[in-house]
Amino acid sequence: MKKSIIIFSIVILQGCSVDDNSNGIIQDLAPIISVNIPTSFIASKSYEMGINYERPSSCHYFAGLDITQKNNEVTIGVVNHSKTSSSNCSKSGDLSKTTSLKFVVERNDFYIFRFWKGENSLGEDEFIIKQIPVAQPDDE
């Protein structure tokens, strides 16, 4: 019985592999080059943030945002996808695009936003970091 469960688990895990590009689509993070974010928030309000990013090539398209939040720290990455069968892709010219994020303020103190801007020469992630204070509605 244990062997059956282990074999079944291995088959399931292999079938869900992120590296499996048999469907011909690859997902990559696109470096964020700038953000348009308020300098302060009001508690319980929502805000639209502009995120400017650079696509790796003209064959990359916006797939969504990768957002993780732990306490008051929010890490954001732009996910692009491309087809492995794509040809005639340009890696030069204007590859910048803009997307937006609607953010609802739920805390009463401050947020630290970390926007992924790529890796340095050592392969370490680098971020655009913005600390945004939150004011109470009656402090306006």
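**Close-up views of a predicted protein chain**

Two salt bridges are counted in this predicted model, a salt bridge being a side-chain nitrogen of Lys or Arg within 4 Å of a carboxyl oxygen of Asp or Glu. The model is predicted, so local features need pLDDT of at least 70 and side-chain atom pairs count only at pLDDT 80 or more, whereas totals for chains, interfaces and linings use all residues. Residues are numbered from 1 along each chain as its sequence is written, and side-chain values use heavy atoms, with hydrogens and water left out.

**Figure 1. Overview of the protein chain.** Of the 140 residues, 29% count as buried, where buried means under 20% relative accessible area, exposed means over 50%, and partly exposed lies in between (1.4 Å probe, protein chains only). The chain exposes about 9400 Å², of which carbon and sulfur atoms supply 50%; accessible areas come from the Shrake-Rupley method with a 1.4 Å probe, and for residues only the protein chains shown count as cover. Among contacts (heavy atoms within 4.5 Å) with a separation of 6 or more, residues 24 or more positions apart account for 64%.

**Figure 2. Salt bridge between Arg114 and Glu73.** The closest N and O atoms of Arg114 and Glu73 are 3.6 Å apart. Because Arg114 belongs to strand β8 and Glu73 to strand β6, the pair ties together parts that are 41 residues apart in sequence. Arg114 counts as partly exposed, at 21% relative accessibility. Glu73 is likewise placed in the partly exposed class, at 32%.

**Figure 3. Salt bridge between Arg107 and Asp109.** Side chains of opposite charge can pair when their charged atoms come close. In the pair formed by Arg107 and Asp109, the closest N and O atoms are 2.8 Å apart. The relative accessibility of Arg107 is 26%, so this residue counts as partly exposed. Asp109 is also partly exposed, with a value of 33%.

Figure 4. Asn72 is located in the loop that links β5 (61-70) to β6 (73-83). With a relative accessible area of 13%, Asn72 is buried. When neighbours within four places in sequence are left aside, Asn72 is in contact with Arg107, Phe110, Tyr111 and Ile112. Asn71 is found in the loop between β5 and β6 as well, but counts as exposed at 58% relative accessibility. The phi of Asn71 is near 55°, a positive value in a residue other than glycine. Most residues other than glycine have a negative phi.

**Figure 5. Backbone of Ser44 in the loop between β3 and β4.** Ser44 lies between β3 (41-42) and β4 (46-54), in the loop that joins these strands. Its phi is near 75°, which is positive although the residue is not glycine. Ser44 is exposed, its relative accessible area being 65%.

Figure 6. Thr99 is part of strand β7, which spans residues 96-104. The relative accessible area of Thr99 is 14%, so the residue is buried. Apart from neighbours within four places in sequence, Thr99 contacts Met49, Gly50, Ile51, Tyr53, Phe62 and Leu65.

**Figure 7. Ile25 and its contacts.** Ile25 is placed in strand β1, residues 25-30, and is partly exposed at 35% relative accessibility. Although Ile25 and Ser82 are 57 residues apart along the chain, their C-alpha atoms are separated by 5.5 Å. Residues up to four places away in sequence not being counted, Ile25 touches His81, Ser82 and Lys83.

**Figure 8. Negative surface patch containing Glu124.** Glu119, Glu124, Asp125 and Glu126 form a negative surface patch. Patches are made of residues with over 30% relative accessible area and no salt bridge, with like charges joined within 9 Å and nonpolar side chains (Val, Leu, Ile, Met, Phe, Trp, Tyr) within 5 Å. Lys and Arg count as positive and Asp and Glu as negative, while His and the chain ends are not counted; the place of a charge is taken as NZ of Lys, CZ of Arg, CG of Asp or CD of Glu. Glu124 itself lies in the loop between β8 (110-119) and β9 (125-135), and is partly exposed, with a relative accessible area of 43%.

How values were computed: Helix = DSSP H or I, 4+ residues; strand = E, 2+ residues; numbered from the N terminus.
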